[in-house]
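Me: I have just opened a structure that is new to me, and I would like to learn how to read it. Could you walk me through it?

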Amino acid sequence: MIDRSLFEEVADALRGLMADDLGVLRCTHHRYGIKVWIGPQKPPREHYEAQVIGREHAPHASVLALEVGFHSEHPNEADNEAVISGFLRSEQTWRPELGEEAVVGTFLGNAEHWRRVSEIWPDPNLDDPDLVFELAARLTDYLTTLEPYRQGHRATPAVKEAIMVAPAQPC
């Protein structure tokens, strides 16, 4: 029997949650994470991720953590700042959807010029079967909440509801 990774299963769960209202949903996954984006075949510098991170990046973790959210990974820091500035201008409207756990800040890792809107889950049980659905649901929250702002338009409640219930677009 083939051992499927946590993030391969998250990709499958995303297919059941996402619709193509925002564009074509795409993803790539590996043993320690999943990258999700809307649109082009090639992963863009702006995308959504769920990934395992070390405790050095998660002060409340004793072993490891998961990071879930949005990344802007342009080589130029000013480009990343421009993306995040757009999110900050609209924060009062998307913040109620994502909650206070969504942190707007610098990337967790060595690329200090990258930016993020993400949250940290300290010491998750990676064997918990519910974790697949929790990660897929939270990635869906980030996608349906932030992507309209990233694309330059705000989704109405009706559009957000349609995104959640329309037939899925495979990633």
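Me: How many strands does the open sheet have, and what is their order?

Reply: A word of caution to begin with: this is a predicted model. As a general idea, the strands of a sheet pair through backbone hydrogen bonds, and the pairing can be parallel or antiparallel. Here, six strands form an open sheet in the order 1-2-3-4-6-5, and their pairing is antiparallel. At its edges lie strand 1 (25-30) and strand 5 (103-106), each of which pairs on one side only. On average, neighbouring strands in this sheet are turned by 25 degrees against each other, ignoring direction.

Me: Let me follow the pairing of strand 4. Which strands does it pair with, and over how many bridges?

Reply: Strand 4 (64-72) pairs with strand 3 over nine bridges, in the antiparallel sense. With strand 6, strand 4 has eight bridges, again antiparallel. Another pair to find is Ser 72 with its bridge partner Arg 115 in strand 6.

Me: Is strand 4 largely enclosed or open to the outside?

Reply: Count its buried residues, meaning those under 20% relative accessible area. In strand 4, eight of the nine residues are buried, so the rest of the structure largely encloses this strand. Strand 6 is largely enclosed too, because six of its eight residues are buried.

Me: And how many bridges join strand 5 to strand 6?

Reply: There are four, and strand 5 and strand 6 (residues 115-122) run antiparallel. Val 103 has Ser 118 of strand 6 as its bridge partner, and Gly 105 stands opposite Arg 116 of strand 6.

Me: Which helix lies across these strands?

Reply: That is helix 2 (residues 77-89), which lies across strand 3 (46-54), strand 4, strand 5 and strand 6. Its angle to strand 6 is about 70 degrees.

Me: How do helix 3 and helix 4 pack, and at what angle?

Reply: Helix 3 (residues 91-98) packs with helix 4 at about 170 degrees, and their axes are 10 Å apart. An angle over 145 degrees counts as roughly antiparallel, and therefore that is how we describe helix 3 and helix 4. On the helix 3 side, the residues in this contact are Thr 93, Trp 94, Glu 97 and Leu 98; from helix 4 come Arg 138, Asp 141, Tyr 142, Thr 145, Leu 146 and Tyr 149. Sorted by class, this contact has five nonpolar, two polar and three charged residues.

Me: What should I look for in the largest nonpolar core?

Reply: Nonpolar side chains tend to be buried together in soluble globular proteins. In this model, the largest nonpolar core has 35 residues, and Val 10, Ile 34 and Leu 135 are those with the most contacts inside it. Helix 4 (residues 130-150) supplies the largest share of this core, nine residues. A second core, separate and made up of five residues, includes Ile 53, Ala 61, Ala 65 and Leu 108. To explore around Ile 34, find the residues it touches beyond four places away in sequence, including Phe 7, Val 10, Leu 14, Tyr 48 and Leu 139.

Me: One last feature. Which residue other than glycine has a positive phi?

Reply: Most residues other than glycine have a negative phi. Asp 123 has a positive value, near 45 degrees. You will find Asp 123 in the loop between strand 6 and helix 4.

Me: Is Asp 123 buried, partly exposed or exposed, and which residues is it in contact with?

Reply: Asp 123 counts as partly exposed because its relative accessibility is 32%. Beyond four places in sequence, Asp 123 contacts His 60, Ala 61, Ser 62, Val 63, Leu 64 and Ala 65. His 60 is 63 residues away along the chain, and its C-alpha atom is separated from that of Asp 123 by 8.3 Å.

Definitions and conventions: Residues numbered from 1 in each chain as written. Predicted model: local features only at pLDDT ≥ 70, side-chain atom pairs only at ≥ 80, totals over all residues. Heavy atoms only, no water. Core = buried A, V, L, I, M, F, W, Y, C linked by side-chain atoms within 4.5 Å. Buried < 20%, exposed > 50% of the residue type's maximum accessible area, 1.4 Å probe, protein only. Helix = DSSP H or I, 4+ residues; strand = E, 2+ residues; numbered from the N terminus. Contact = heavy atoms within 4.5 Å. Axes fitted to C-alpha atoms, helices over the stretch in contact; angles between N-to-C directions. Parallel < 35°, antiparallel > 145°, perpendicular 65-115°, else oblique. Nonpolar A, V, L, I, M, F, W, Y, C, P; charged D, E, K, R; others polar. Pairing = 2+ DSSP bridges.
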